[in-house]
Amino acid sequence: MLSGRRVLLIIGGGVAAYKALDLIRRLKERGAVVRCVMTDGAQQFVTPLSAAALSQEKVFTDLFSLTDEADIGHISLSREADLIVVAPATADLMAKAANGLANDLATNILLATDKPVLMAPAMNPRMWGHPATRRNAAALAGDGVLFVGPNSGTMAERGESGVGRMAEPLEIVAAVESALAGPGAAPAAQVGYQNVIYQGQGAAPPAPGFGRLQPQGPLTGLRVLVTSGPTHEPIDPVRYIANRSSGRQGHAIALAAAQAGAHVTLVSGPVNLPAPPGVHVVHVESAREMLAAVEVALPADAAVFTAAVADWRVAGAAEEKIKKQGGGGAPSLNLVENPDILASVSRMKAGRPQLVVGFAAETEKVLAHAQAKLARKGCDWIVANDVSPESGVMGGDRNTVHLVTAEGVEDWPTMGKDEVARRLVARIADALARGGVKAGGKRGGGGQSGAAS
Ligand SMILES: Cc1cc2nc3c(=O)[nH]c(=O)nc-3n(C[C@H](O)[C@H](O)[C@H](O)COP(=O)(O)O)c2cc1C
């Protein structure tokens, strides 16, 4: 995805600098070439040695370095990258960049570059809400700087919470992918972003559709969250429990929602599919990571839980590869239940999406199980599909589904997964236009999550 793309990462002096180290790793594992610049402040939090070890590149810290200036020079550094990422973007760095100051290497690069700049702000909520920071953020956005986050959450400072938490490394990666998404990509969806900045409410996940112009349609102005793919539950560092979900249905729904004008966040387990255009994708592996990403992505007007989330994970996955014991004797795996993402969102007391749609992948008694699931989970609709081996649904292009609602069951004819997606999205748009739906099932009860193809 980012193979060979050159990212210049400017690390600012905030507590979140430690997350920039993980960001280096995440960018590199996607094939990006990452060079780091660290401010003096950043070096109070993390060392250039760590950044150099993770990036496998020289780390630049000084403007007035005789050797660096002779070797590459700050102007070349600012121009050789495909994209400049500032993470964490501190209040100080944002203020300097907004006002064209250039008294260190980072700010010189920001002033001298002709490449897109993506900032991931991170600061105390009061600093983020201060009129000076808002002015600076708005000025930067007006200059064409892209933003990802900040998110809402707890701060490093004891007892403080609010908007100011740096976006998670995988969210920043997704924003990088969108920003680099090809020559046709328009500048970021800045209107959405500026609105959020001016309101001082933070931008929970990156502006969906980031880096592209949003199409107009029946979901324009609405936010849709979709989960897709399987989850991988580690047994040890090299083995995991998985399922046969390909993610095709969930990805098709995310794309159809984006094409209908929605701001879409797609939380995807490990799949072999490209990111749907215009969709903000958050990559996760396990059920617990998926739940965390869903919580960050909310609020949304509608949520469609298409992912086939593993019902169980291994309690206490081994830190080292489990070795074969001589003389037989296979290890036994102790399984514990995973969090139930569909049920927990369906039962949210505050901020529940107006419409919560689950998928039920069944191999027998499809409708009976789906109706029971609707009642058990407290969601509004269940899309039930037969995933028995003879159906060919898992990994295939076609799907036969039944839409189970409080009003009854609709049997849809067999059709391509793209067509299922478009039809479902049209129904969602219709329901939201009517102000949502009455919840179909009782709130409460236990049960398993897990779904589709
Ligand atoms: C413990 C500690 C944590 C800090 N965390 C942040 C932060 O998260 N965000 C921020 O904008 N400034 C933070 N600051 C203040 C910055 O470090 C300070 O403004 C510094 O000049 C930023 O420099 P730089 O952005 O040029 O690296 C923190 C300071 C301290 C002492």
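**Reading the model**

Mentor: Isoleucine 341 is buried, at 2% relative accessibility; buried means under 20% relative accessible area, with a 1.4 Å probe and protein chains only. This is a predicted model, where local features need pLDDT of at least 70, side-chain atom pairs count only at pLDDT 80 or more, and totals for chains, interfaces and linings use all residues. Residues are numbered from 1 along each chain as its sequence is written, and side-chain values use heavy atoms, leaving out hydrogens and water.

Trainee: Is aspartate 340 buried or exposed?

Mentor: Aspartate 340 is buried too, at 15%. It lies in the loop between β16 (335-337) and α13 (341-346), while isoleucine 341 sits in helix α13. Helices (H or I, at least four residues) and strands (E, at least two) are DSSP runs, numbered from the N terminus.

Trainee: Which atoms of alanine 122 and the ligand pair up?

Mentor: A polar contact is a pair of N or O atoms within 3.5 Å; within protein, one must be able to donate a hydrogen and the other to accept it, and residues adjacent in sequence count only if both atoms are side-chain atoms. For alanine 122, a polar backbone atom is 2.9 Å from a ligand nitrogen. Aspartate 92 brings a polar side-chain atom 3.0 Å from a ligand oxygen.

How values were computed. Buried < 20%, exposed > 50% of the residue type's maximum accessible area, 1.4 Å probe, protein only.
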